[in-house]
Amino acid sequence: MTRALSRAGAVLRSHLVLAVLGVVVIVAVLTAVGDFRAVQLTQMAYLGIAAGGLTVLTGLNGQISLGHGALMAVGAYTTALLLQDDEPMLPLLGVLVAATLVTLVVGAAIGVAAARLHGPYLAGATLALAVAVPGIALYFGDTLGGEQGLRVRVPDAPDWVLDLAFFVTGQDLTPSKYVAYLGWFTLVVAYVGLANLSRSRVGRRWRAVRDDEVAAEVAGIGLGRARVSAFVVSAAAAGAAGFVMAVSVRLAAPSGFSLTLSLTLLTAVVLGGLGTLTGALAGAALLTFLPDVITDAGVSAGLDDIRAAELAPLLYGLVMVAVILLAPSGLVGSLRTAWHRLGHTTSKGEPS
Amino acid sequence: MQQFVNTVLGGLTLGMVYAAFALALVLIWRSTRIVNFAQAPMAMVTTFIALQIIEAGHSYWLGFAAALLAGLVLGAVVERVLIRPVEGKAEINAVILTLGLFIVIHALAAVIFGNRYRSFPAAFGIRGIEVGDTTIALTGFGIFTIVAVLVVMGLLVLLFRFTDVGLRMRAAAFNQEVARLLGVRVGRMLTLGWALASLVGSLAGLLIAGGSLVHPGYMDSVVVYGFVAAVLGGLDSPGGAVVGGLLLGLSLSLVSGYVGSQLVALAALAILMVVLLLRPQGLFAQGRERRV
């Protein structure tokens, strides 16, 4: 018992050490880059948070969701509704918590229904969710702003944050960088939470349900409860991601939460390899930084801007198809297998 | 009253298209246990082929036939090259694969044909027919839609019921092992099934496009409605898919006419969830309970 506890403590400690290292890297990187890159990095952060939630759901629990874009919309619209006035009633952190909680509740309702579905049925139902949610914003145009969406008024950084930022980095904190820090700190907290959960009893249950329903049930695991809890956790991450997105884009509009966003998240998860948080983050990085490179290449190859912009999704789609056909454990998973073949050993199948 | 009649007529016309699309999904599901989410962009791309031909000055019907033929070929190629390796593997692989294909075809069409809205011609009038002195919402093209879907369904019934190939295809879908032992080339039958399904999907795409605007995403919501219609019918039964399509077209038309067109997709989601949770075997299936 005490040994188990101390092992759990060691895992927690190692995650916390990684988190502290992550924070150091984040501060170093955000100090070094300009505002434009900071905005891009914020995009990577929210894609990473949502993809992290999705990878837990799909990779660890075996449920697929094409509706995470819709769940991000819930988080983003909650954020926007709470940040309408110049003097918001909640501090920014409170808004983050509220957006996460609201999405969590919505996710629980969807999760209860989704827990009874599997494979293509679940994919179809969540696909319908992704297509349906933007319509709600249009229908309730008076409160939710219709096609134009809702503007998000991001409050200025408090003085102590400005002072602290100047003390640590020696620079004045610009609004874009403030939001970038917010996004990345949210990501660190979310990832530590997800990593701890997946190494805990809860995470073992999720994997047991994924691998063999009958065996899991015989071992006394409630299938429904395990599935719903995975969906709820994953939805909460999507809600937090929606918050970061809304604060960064300063707008919550239906066009931002199209089917494309949901498919993009799935792409990030598949590219990174199902079930690892590092993979999800790597996928998010690819989705953020690759499009510019590819679009530029397309423009210099003679395509007009709009067509060149479609080259990036084309490449993702092709890689996604190739990954499923050639390397079903994803890019990171395949690299890891190759690493093992070379004679190195690390703990297997755990998200890191 | 007139609005109600028009809503119902519009719903039935749209329902026929959903029925065709659902039928395409069902044909594939029966033989390979895969829901082909890429059906929508596959139909979209064949519609663009028709549009290119028509805009080049050829007749509407040449474009129409070319699109159907392209659908046939595309379905066969997709099955043979991409789907064959994941048949019988974990179902999540096939789902992700068809979604990857969804993204690929989408992006490819946008690169080749451009990402703007283009108008697609209709073969027949798209103004309401006049009965007495009121104009009803049934258009010439609407009648053509209904007839075209009925003809294709009739041909499929003839194929499956009365021909040798149809019998082999049914055997391959029913039990691959046994069919193989009886000398059926199961692989070929699956390819043929995907080809036919893709043809039916292309037909649905052409019928939705007729007299309206097309762009690379115009079929995206139709795959949802087709899926809901197929599930309404039990996902396994071609007849059920047709009835499901009509029911869904009617319900969505009523929602659109009386509640708000923005909530159509939400209504489809609600119908889907109710069916899946209360009657997962579909409205018309008899026999064993099925897990969804």
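## Chain A as a whole

In chain A, 80% of the contacts with a separation of 6 or more are between residues 24 or more positions apart. Keep in mind as you explore that this is a predicted model.

The secondary structure of chain A consists of 16 helices and 2 strands. Its radius of gyration is 20 Å, close to the 20 Å that the globule rule gives for 352 residues, so chain A is as compact as a globular protein of that length. Of the 352 residues in chain A, 50% are buried.

## A helix to look for

Because 13 of its 14 residues are buried, α12(A) is largely enclosed by the rest of the structure. Just after this helix comes Gly273(A), with a positive phi of about 100 degrees.

## The nonpolar core

Next, let us turn to the core. The largest nonpolar core contains 221 residues. Among the residues with the most contacts inside it are Ala50(A) and Ala128(A), along with Ala19(B), Ala20(B), Val228(B) and Ala268(B). Helix α11 of chain A, residues 223-249, supplies the largest share of this core, with 17 residues.

## Where the two chains meet

The contact between the chains involves 38 residues from chain A and 40 residues from chain B. On the side of chain B that touches chain A, the elements giving two or more residues are α4 (91-113), α9 (220-232) and α11 (264-278) of chain B. Of these, α4(B) gives the most, with 16 residues. Sorted by class, this side of chain B has 30 nonpolar, 8 polar and 2 charged residues.

## A loop residue

Finally, visit Met89(A), which sits in the loop between α3 (68-82) and α4 (92-114) of chain A. Met89(A) counts as exposed because it has 10 C-beta neighbours inside 10 Å, where the cut-off for exposed is 12 or fewer. Between the C-alpha atoms of Met89(A) and Ser200(A) there are 36 Å, and the two residues are 111 residues apart along the chain.

Terms used: Residues are numbered from 1 along each chain as its sequence is written. Chains are lettered from A and ligands numbered from 1 in the order in which they are written. This is a predicted model: local features need pLDDT of at least 70, side-chain atom pairs count only at pLDDT 80 or more; totals for chains, interfaces and linings use all residues. Two residues are in contact if their C-beta atoms, placed from the backbone, lie within 7 Å. Helices (H or I, at least four residues) and strands (E, at least two) are DSSP runs, numbered from the N terminus. Ala, Val, Leu, Ile, Met, Phe, Trp, Tyr, Cys and Pro count as nonpolar, Asp, Glu, Lys and Arg as charged, and the others, Gly among them, as polar. The radius of gyration is taken over C-alpha atoms; the globule rule is 2.2 Å times the number of residues to the power 0.38. A residue is buried if 20 or more other C-beta atoms lie within 10 Å of its own, exposed if 12 or fewer, and partly exposed in between; C-beta atoms are placed from the backbone. A nonpolar core is a set of buried Ala, Val, Leu, Ile, Met, Phe, Trp, Tyr and Cys residues joined through C-beta atoms within 7 Å.
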